Structure formats: C-alpha cells, structure tokens
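Welcome, and please take a moment to look over the structure shown here.

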Amino acid sequence: MDVKSSINPKTIVVNSNAQSKDEVLKEIVHYLYEAGNVNDESEFLKAVYKRESQGVTGIGNGVAIPHGQSSSVIDPGVAIVTLKHPIAWESLDDQKIKIVVLFAVSDNSEGAKLHLQLLAQFAKKLGNDEVLESLKSAEDVQEITEAFE
C-alpha cells in the first residue's frame with residue numbers, strides 16, 4: 001500500500017469545524033467507520049487515545065499524524081482532515097494543528113509493518129513545503145488528493 005492507494009475520498013474532510021482534538025478524532029474515526037475501514041468506532045478510538053498517551057503525534061508545521069492499531073480495523077486506511085480553525089494539539093513545535101492524518105491499521109504483525117510503511121511515506125510527503133501549502137489551502141477533496149500525487 002502506498003500513499004496514493006491508501007487515500008480514500010470518503011475519509012477526507014476539508015475545512016472541518018472541529019474545535020478540539022477530541023472532536024476531530026471522533027469525526028475522522030466516524031468517517032473510517034462509514035467507509036468500512038473499522039467495524040467498531042469506540043474500540044478504534046480507544047486505540048488512538050492509547051497511542052496518543054504514549055507520545056506526541058504533532059510533527060510540526062501544523063500537522064498531526066495520530067494512529068491506532070486495533071483488531072477493529074478490517075481494512076487499513078488513512079483519514080485526512082483539514083481544519084477551518086487550528087486547534088491545540090501536543091506538537092514538537094508547540095504550534096496548533098491545521099492538518100490531521102490518521103492511520104488505521106490492524107494490531108497484528110502485518111498491521112505493524114504497514115503502519116511503518118505508511119508513516120514513512122506520508123512523513124516524506126508532509127515534509128514537503130509545497131504539499132503542506134497545497135493541503136492548507138485546499139478547498140475540496142480533489143485538491144487534497146492531488147496534493148499527495
């Protein structure tokens with residue numbers, strides 16, 4: 001699975017009105033559930049919060065990459081959210097977050113391997129200033145997907 005094939009338009013939210021980390025996580029987990037990536041929203045959300053408790057997922061430049069490994073993941077996927085208003089999030093540069101990329105992978109060894117692959121691929125893309133600017137200014141789902149091409 002690579003960046004392009006992991007992106008599903010059904011799990012992209014542009015200009016979310018979420019006002020907190022909790023709101024945005026619940027919103028994107030719901031989209032993963034609706035798209036068929038997870039079969040239990042609350043179980044997967046618990047996995048995401050468990051990972052959040054282990055360390056910072058805000059990587060800087062207004063980007064957070066939370067993730068969850070759970071048996072509730074039936075189809076690995078990625079959800080991408082841009083926020084209308086930046087929100088507080090534990091981050092390496094102590095800046096608020098405007099872009100959230102959430103990884104959903106199973107809790108088995110294959111899921112762990114896939115998680116590391118996706119993390120590396122997305123981190124490379126998100127480290128590119130042009131990609132970041134495209135994401136921050138995106139007005140629709142197509143612009144988000146094009147930013148990752």
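## A linked set of charges

E52 and K21 form a salt bridge, and their closest N and O atoms lie 2.6 Å apart. The pair ties together distant parts of the chain, with E52 in helix α3 (residues 41-52) and K21 in helix α2 (residues 21-34), 31 residues apart. A salt bridge here is a side-chain nitrogen of Lys or Arg within 4 Å of a carboxyl oxygen of Asp or Glu. Helices (H or I, at least four residues) and strands (E, at least two) are DSSP runs, numbered from the N terminus.

K21 also meets E90 in a salt bridge, at 2.5 Å from N to O. This pair too links distant parts of the chain: K21 is in helix α2, while E90 is in the loop between β5 (77-87) and β6 (97-105), 69 residues apart. Both E52 and K21 are buried, whereas E90 is partly exposed because its relative accessibility is 45%. Buried means under 20% relative accessible area, exposed over 50%, and partly exposed in between (1.4 Å probe, protein chains only).

## Negative charge on the surface

Which residues gather in a patch of negative charge on the surface? They are E139, D140, E143, E146 and E149. Such patches are made of residues with over 30% relative accessible area and no salt bridge, and like charges are joined within 9 Å. E143 sits in helix α6 (residues 141-147), and its relative accessible area of 32% makes it partly exposed.

N15, in strand β1 (residues 7-16), has a positive phi of about 55° although it is not a glycine. N61 is not a glycine either, yet it has a positive phi of about 60°; N61 is in the loop between β2 (58-60) and β3 (63-64).

## About the model

This is a predicted model, in which local features need pLDDT of at least 70, side-chain atom pairs count only at pLDDT 80 or more, and totals for chains, interfaces and linings use all residues. Residues are numbered from 1 along each chain as its sequence is written, and side-chain values use heavy atoms, with hydrogens and water left out.

Conventions
Patch = residues over 30% accessible without salt bridge, like charges linked within 9 Å, V, L, I, M, F, W, Y side chains within 5 Å. Areas by Shrake-Rupley, 256 points an atom, 1.4 Å probe, with all protein chains shown as cover. Lys, Arg positive; Asp, Glu negative; His and termini not counted. Charge placed at Lys NZ, Arg CZ, Asp CG, Glu CD.
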